[in-house]
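Open the structure in your viewer and keep the sequence panel beside it. The stops below say what to select and what is there.

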Number of protein chains: 2
Amino acid sequence: MKPTLANGTRDFGPREMDNRKYIFSIMRKTFEKYGFVNIETPAIENNSTLNKKYGSEASQLIFKIINSGNFLSKIKIEDINKGYKNIIDNITKKGMRYDLTIPLIRYIVMNSNKIIFPFKRYQIQNVWRSDRPQKNRYKEFCQCDIDIVGSKSKVCEIEIILIISEIFHNLKIKNYKIIINNKKILESISRYMKGSIKENLIFITIDKVHKIGIKKILKFLEKKEIPLLGIKKLKNIFRIKGDNFKKKNILSKYLKKYKIGINSLNEINEIIKYINNLKIKNINIEFDHTLSRGLTYYTDFIFEIKITNIKESLGGGGRYNNLTNIFGLNNISGIGFSFGIDRIYNFMKEMNLFPHNNNNIKIMITNLNKKLLNFLIKILFKLRKINIASELYLNTNKLKKQLIYANKKKINYIMLIKEDKSIILKNMTTGEQYKNTFNNLIKTVKKMI
Amino acid sequence: MKPTLANGTRDFGPREMDNRKYIFSIMRKTFEKYGFVNIETPAIENNSTLNKKYGSEASQLIFKIINSGNFLSKIKIEDINKGYKNIIDNITKKGMRYDLTIPLIRYIVMNSNKIIFPFKRYQIQNVWRSDRPQKNRYKEFCQCDIDIVGSKSKVCEIEIILIISEIFHNLKIKNYKIIINNKKILESISRYMKGSIKENLIFITIDKVHKIGIKKILKFLEKKEIPLLGIKKLKNIFRIKGDNFKKKNILSKYLKKYKIGINSLNEINEIIKYINNLKIKNINIEFDHTLSRGLTYYTDFIFEIKITNIKESLGGGGRYNNLTNIFGLNNISGIGFSFGIDRIYNFMKEMNLFPHNNNNIKIMITNLNKKLLNFLIKILFKLRKINIASELYLNTNKLKKQLIYANKKKINYIMLIKEDKSIILKNMTTGEQYKNTFNNLIKTVKKMI
């Protein structure tokens, strides 16, 4: 009888909503201050659109909607006998949004004549994935993406780093690091290793180094009977330490034969220099040549936000070339960054960074006598007229019950209105009481709020 | 090759998003000022929850999600042979949110121990219905609902009418009417007619009178061979005209035998009196004893927002008793109102009520020389530091192209930065130019923005 939530989904109650809106509002304001415009796309997309990018493994995580009406009308028993995979594309034509990138690209391709390029857009919407639920992993979750599409300028990379730093400053999150790298540097490392280790293995190795550590990686490679030269080269690469400048210099020596890697190293150096020149407090950019961001569609610059002692990043992104090609629009480069809302939320909650009591009603008027209702409604109307958030207790009830309600809702002032229409204003925190005319009490309230 | 939107869905571009956010922001602020708290519920609900309320016709409009993995594993060929209806409940367990009422009730039942009653909540989220797309009807659309659950006080009705009037005042919508009625009055009318017309036919008739008019209704009834007395009674009821007070008085005479109807007439009279006492500008409450709001779950007070010459209402709602019973929580009364966002949007668009240029970047810095990049980024950073929304044109490009971009994006000021780092500020609307130091130009800009 008692209803339940669908597995892996969540309700957000009033307090959680206040906190979530606090994060979103800071993000929106900052994006708009930087010239990003907002779009929204439907939760439902054609499967033909959704299937364009994600690999077959990801495709299995897409929620598919069964065709309305008689979905079996065109299905033959022979097809059913061959298994569910044989009929799924015929009984579902639509699915639910899996990320915000494919919808962005579809939007750009469909509206390329009216979009102002370079197109700087932000989008904050839910996505759905039929993943097995785990702690802090949900089937419905919110993504917050910014992308700049149609410019190869390095200013894009700088802009997004500046946005991150301004948002984190406004959210009062300190001690975060922006880890940066470039896929072309990884490519050059892989070329440098070639001959000693298979390319595939190099990428797997780099991708895993943060998860299992260098020692285990080296042991793992020894078991694979990698020649000693390979192990030695890898050790050299992994053990490059120091500040950004030092790491860049050492790596430049190893990769000196690979122009594409050297260019990317210089580019990273330049980006760091531009930002350092601004002397921003609390910004900490770290070049890490082992950052790989999985085997995603990024082709150049990649970055991630990390907090010490927290394994998962609070956001990540990178530059992608030719992503619009999948829908026939060629030669468009873009860069995107996705903020991990749930992780940012959890971190802020843990660090007690949310404002207290930000959305509350300031005054509750008591409702002690039915005959006074007309007067009470007038007082309520006057309070709201001067923009004081206020409530009248809805039922004529015992005072105690009304005070419990106000207390639970954290309403700080009570206007106690007696039968003779005299008004007492009570501060629920300090217990102070003021008896006066309505107009004089309003002056008192305005000073205190 | 070219991708398409799923049938019946929409993208919202930057301008539409600005307008939508303008509406939502006014609604949210007003709800919060009146003590309503915000919740959000998942887009996906268990079918067992979704199927609880909506009739079988509505249930067919619910988007159903196919079970992940081998959805056929427990299905027998015999079942398939009996038709799709016989297997649908076994191959889908979840569906998409169809309205905001069932999720609210599920939320209340699941959280009844921590909710502060009376529970005043607002919720602004999308819903999905597999309706045939028509003009201004979509498969994905936004609902904006407010409900007060757990109080039978008439103050609830008054509060929601006051919210409507404040929101419409802030949106600058005039000439709207709030039409009110009570289902109990309709019930009494139906009792008054009994003996002459079947009850079923009375409700159909009342529901249709606004759509096809009184004359056609009467002709339709004549064809049904209704006795003359019935037709006469209906004519009497439908032809009651005049102001609210007059209508109430005439109707009171017809319904004098039916206490429940008389009480409801008095209640409506009282609600109107309380609100009239506040002397609010532009509020227009009309009692209409033929308002029926379909055959929905409302049991008492019902209301609707109408604009002259527009057939569809801009919102509607009413009081419902015992709606939480479906999940085993008894004796809870609530009142809800749902704002029709798309219709409000379309009306405001037509009447040109949206603010112009509300979200734009104020200043664009030109990017004419790669060597200046460091300086340009510093200027950009300084502008944002003092909270001026600004952009640096991303690519080093011809001035003309940069001005076209600024023009398209409706950016009003250009900071033209020359090779010698001298700065010219140009007002793109007036053509005025100012040449000065950065600090002096900032003073100029601050005055003008």
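Is the crossing of H8(B) and H13(B) left-handed or right-handed? Before selecting anything, note that this is a predicted model, in which local features need pLDDT of at least 70 and side-chain atom pairs count only at pLDDT 80 or more, while totals for chains, interfaces and linings use all residues. Residues are numbered from 1 along each chain as its sequence is written, chains are lettered from A and ligands numbered from 1 in the order in which they are written, and side-chain values use heavy atoms, with hydrogens and water left out.

**Stop 1: two helices in chain B**

Select residues 183-193 of chain B, helix H8, and residues 259-276 of chain B, helix H13. Helices (H or I, at least four residues) and strands (E, at least two) are DSSP runs, numbered from the N terminus. The crossing of H8(B) and H13(B) is left-handed; that word applies if the near helix is turned anticlockwise from the far one by less than a right angle, and clockwise would be right-handed. The two helices pack at an angle of about 145 degrees, and their axes are 8 Å apart. Axes here are lines fitted to C-alpha atoms, for helices over the stretch in contact, and angles run from 0 to 180 degrees between N-to-C directions.

Now show side chains. From H8(B), B:Lys184, B:Ile185 and B:Ser188 meet B:Ile260, B:Gly261, B:Ser264, B:Leu265 and B:Ile268 of H13(B). Contact means heavy atoms within 4.5 Å. By class, this contact of H8(B) with H13(B) has four nonpolar, three polar and one charged residues. Ala, Val, Leu, Ile, Met, Phe, Trp, Tyr, Cys and Pro count as nonpolar, Asp, Glu, Lys and Arg as charged, and the others, Gly among them, as polar.

**Stop 2: both chains**

The contact takes 101 residues from chain B and 101 residues from chain A. Chain B and chain A bury about 9100 Å² between them, with 66% of it on carbon and sulfur atoms. Buried area is the accessible area (1.4 Å probe) that two parts lose on being put together, summed over both. Select B:Lys33, B:Arg384 and B:Leu394: in chain B they lose the most area to chain A, together 8% of what that side buries.

**Stop 3: salt bridges**

How many salt bridges are there between chain B and chain A? The count is eight, where a salt bridge is a side-chain nitrogen of Lys or Arg within 4 Å of a carboxyl oxygen of Asp or Glu. Select A:Lys21 and B:Glu32, which form a salt bridge with their closest N and O atoms 3.2 Å apart.

Next, select A:Arg319 and A:Glu157, a salt bridge with its closest N and O atoms 2.8 Å apart. This pair links distant parts of the chain, 162 residues apart: A:Arg319 is in strand S10 and A:Glu157 in helix H7 of chain A.

**Stop 4: backbone details**

Select A:Phe117 and A:Pro118, which are joined by a cis peptide bond with omega about -10 degrees. A:Pro118 sits in the loop between helix H6 and strand S5 of chain A. Last, select A:Asn387, which is not a glycine but has a positive phi of about 65 degrees.
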